[in-house]
Amino acid sequence: MKPSLTGILVTAALLAPGMSLAEISDKRAEEIAKELAALKAMKAELDAQSREFERRIASLESEVTEASPESAAILSAEAKGVDSQTPEKRPPPKPRVEPKRESGIFEPGKGFVLARDEWGELDISAFTYARYLNQKGLDDSYTDSFGRTSNLDIRNDLQFQKITLNFKGWLFDPRFRYLLYAWTSNTSQGDPAQVVLGGNMGFQFDEAFNLYAGIGALPSTRSTNYTFPNWLKNDHRTIADEFFRGSYTTGLWANGKLAEGLEYRAMIGNNLSQLGVNAAQLDGEFNTMSGALWWMPTTGEYGPGQGLGDYEYHDEFATLFGVHFTHSREDAQGQPGTEGFENSQLRLSDGTLIFRTDPFMTGGDIRKATYQMAAVNGGFKYKGWSLEAEVYQRWLDDFVTTGPIPVDSVDDSGFQIQGSAMVIPNKLQAYAGYSQIFGDYGDPYDITVGVNYFPLGRRELRLNFQGLYLNDSPVGYSSVPFQVGANGWVFSSDLILAF
C-alpha cells in the first residue's frame, strides 16, 4: 500500500519539529521514495530465491518419492510444520507425499513429464535408432556339426531399426506404478511379434518388497536384469549372453533392497520367451522361475540401472557382484519363431534348434525339455574405466522324445568379458569385448571393438561405431547384427536416441 501525502507530512512533522513543512515534505518524500525502491528490489530478489528453493525442494522430493514413498511422506509432513509448530504439536505424517505439480518438463530417467497432480503422474520416454549394417565380410554359407549346410542372407542396408515408446508413472497413490509400452522392430516387418504392445503394473509396499504383474524380463543374466539401454553395445549382446539367457514373458515378480547395496529380483512366468507365442501354445503350467541377487559393496550403487561402462565417471571405486539362476520346462509348441525379436530358443552350440525336426540326424525329435541355467558376474567402475565379466552354465535334460536321440542331456558353459574407457569424459568412450561358448557341438566365439560418441555431452544421444568378428555364431536373427552360422566380420554404425 502506498503512503498518503498527509501521512508523510504528519510523520515528518512529528520527527523533525524544527523544520518547515515544505522542507519536511520534500526531504521525507525523497527518502521514502528511495526506501520504497530498495524494498521493491529486495522483494523481487527474495521472490526469485523463493521460486528457486521451491524448484529444488520439489526436485529432491521427487527423488525421495522414487526411492521410498513412506520416507517422502514423513519429510513432507515435517517440512510443513517446522516453522509454525513445536515438535510436540506437529500433526502425524500424511500417508503419502504431496506430489510436484510441474508438467511438460524433462527429468533424466523419466523422460518428459506429460502430467502430474495429486491424482497421478504420466511420463513418456523413447528408445530408437538408425543403423547401417554391413555383413559382406561373412561367409556365404555354414555347415553345422551334423553336416547340414545352410546359406546366409548377407545384408548391406540402412534401417530405422527399432522404436520403443514408454508411458509410465503412478496413479492415485505414488506406490501404485504402471508401465505401458509400444515396441516395434522394423527389420522384422511381417514376422511374428515384430510389434508388441505390453506393460506391467505393480505396488511398492516398501523398500524391501515391490510386487509387479505383466510382461517382464526374466532376470536370467546381467543383460536381462533391467540394465538396458545402459550397455556398451547398442541393443544387442555378446553371442554367449544371447545363447544362454532367458527373455520376456508374462508373470509375477518381486524386487527390493535387502540391505545397503544388496538387492534382489525374483520372477515366476509362463515360459522362457512369450513374444510371438499365443496363449493356446503354452503348456498351462507355471514352471518357469528366475531369480537374481546382486551386491554393490564399495559404494552401494553402480550407476543408472547397474549398467555397463562408467559414463558417469565414478570418483570412488564402484563394484558389483551378482548371481542368477533360471529353471523352465519348455516344449516345442511354446517356442517363439526364429525371427521373433528378443526370442530365446534352446539350441546346441552349433546353432541347431533342439526342437527342430530330427536335430541329431538319428530320426528322433525332442518334444519337451528342462532348461536350467546359472550365471555369475562381477565388475568395477572407476574414473571412466570399467571391466565386466560373466560366466554361464546351462543344463538341458529330462527330454520327452519321439524316436531315438543319442543323448539324455546337454551341458554347455561359457563366459563374456567387456571393458571400456571414457577417452574424453562425457564425449568419447572406447570399448572391447570377447565371449565364448564351450559345448559338445562346437566352441564358437566373438570379438568386439567399438566406440560411443556423445555429440551433445549427454548419454541420451550417441553415435556407435562397431566391428564384430564372429566364429560360427550359434545365435542370430534380423534384429541383431549377426546370423546363425555367421563366420567373419560385421560392421555397424548406429545413431541412438534414448530418453
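Modeller: Start with Glu107 and Arg116. They form a salt bridge, with the closest N and O atoms 2.9 Å apart. The rule here asks for a side-chain nitrogen of Lys or Arg within 4 Å of a carboxyl oxygen of Asp or Glu. This is a predicted model, so local features need pLDDT of at least 70 and side-chain atom pairs count only at pLDDT 80 or more, while totals for chains, interfaces and linings use all residues. Residues are numbered from 1 along each chain as its sequence is written, and side-chain values use heavy atoms, with hydrogens and water left out.

Both Glu107 and Arg116 are buried. Buried means under 20% relative accessible area, exposed means over 50%, and partly exposed lies in between (1.4 Å probe, protein chains only). Arg116 has another partner: its side chain meets that of Glu121 in a salt bridge at 3.0 Å, N to O. Glu121 is buried too, as is Arg116.

Now a pair in another setting. Glu312 and Arg459 join their side chains in a salt bridge, 3.2 Å from N to O. Glu312 sits in the loop between β12 (288–295) and β13 (318–331), and Arg459 in the loop between β18 (445–453) and β19, so this pair ties together parts 147 residues apart in sequence. The helices (H or I, at least four residues) and strands (E, at least two) are DSSP runs, numbered from the N terminus. Glu312 counts as partly exposed because its relative accessibility is 27%. Arg459 is partly exposed as well, because its value is 26%. For the chain, the count of salt bridges comes to 19.

Next, the chain as a whole. It has 4 helices and 20 strands. Of its 499 residues, 48% count as buried. Take the contacts (heavy atoms within 4.5 Å). Among those with a separation of 6 or more, 61% are between residues 24 or more positions apart.

On to the nonpolar packing. In soluble globular proteins, nonpolar side chains tend to be buried together. A nonpolar core here is a set of buried Ala, Val, Leu, Ile, Met, Phe, Trp, Tyr and Cys residues joined through side-chain atoms within 4.5 Å. The largest such core has 39 residues, and Ile354, Ile366 and Leu470 touch the most other members. Two or more residues each come from β3 (120–138), α4 (239–244), β14 (365–382), β15 (385–402) and β19 (461–471). β14 gives the most, with 5 residues. Beyond its neighbours within four places in sequence, its contacts are Leu138, Ile239, Tyr445, Asp446, Phe482, Ala486, Asn487, Gly488 and Val490. A second, separate core has 6 residues, including Ala292, Trp294, Met296 and Leu320.

A cavity is a set of points, on a 1 Å grid over the protein atoms alone, where a 1.4 Å probe fits but cannot get out; its lining residues have an atom within 4 Å of a point. Points are joined across faces, edges and corners, and a volume is the space filled by probe spheres set on them. The count is 6 cavities of 30 Å³ or more.

Last, the backbone. Most residues other than glycine have a negative phi, and most peptide bonds are trans. Phe228 and Pro229 are joined by a cis peptide bond, with omega about 5 degrees. Pro229 is in the loop between β9 (209–217) and α4. Asn426 is not a glycine, yet its phi is positive, about 65 degrees. Asn426 belongs to the loop between β16 and β17 (428–438). Asp472, also not a glycine, has a positive phi of about 55 degrees. Asp472 lies in the loop between β19 and β20 (488–498). Asp472 is partly exposed, with a relative accessible area of 30%.

How values were computed
On a 1 Å grid over the protein atoms alone, a cavity is a set of points where a 1.4 Å probe fits but cannot get out, and a pocket is an open set with protein on both sides within 12 Å along at least five of seven lines; lining residues have an atom within 4 Å of a point.
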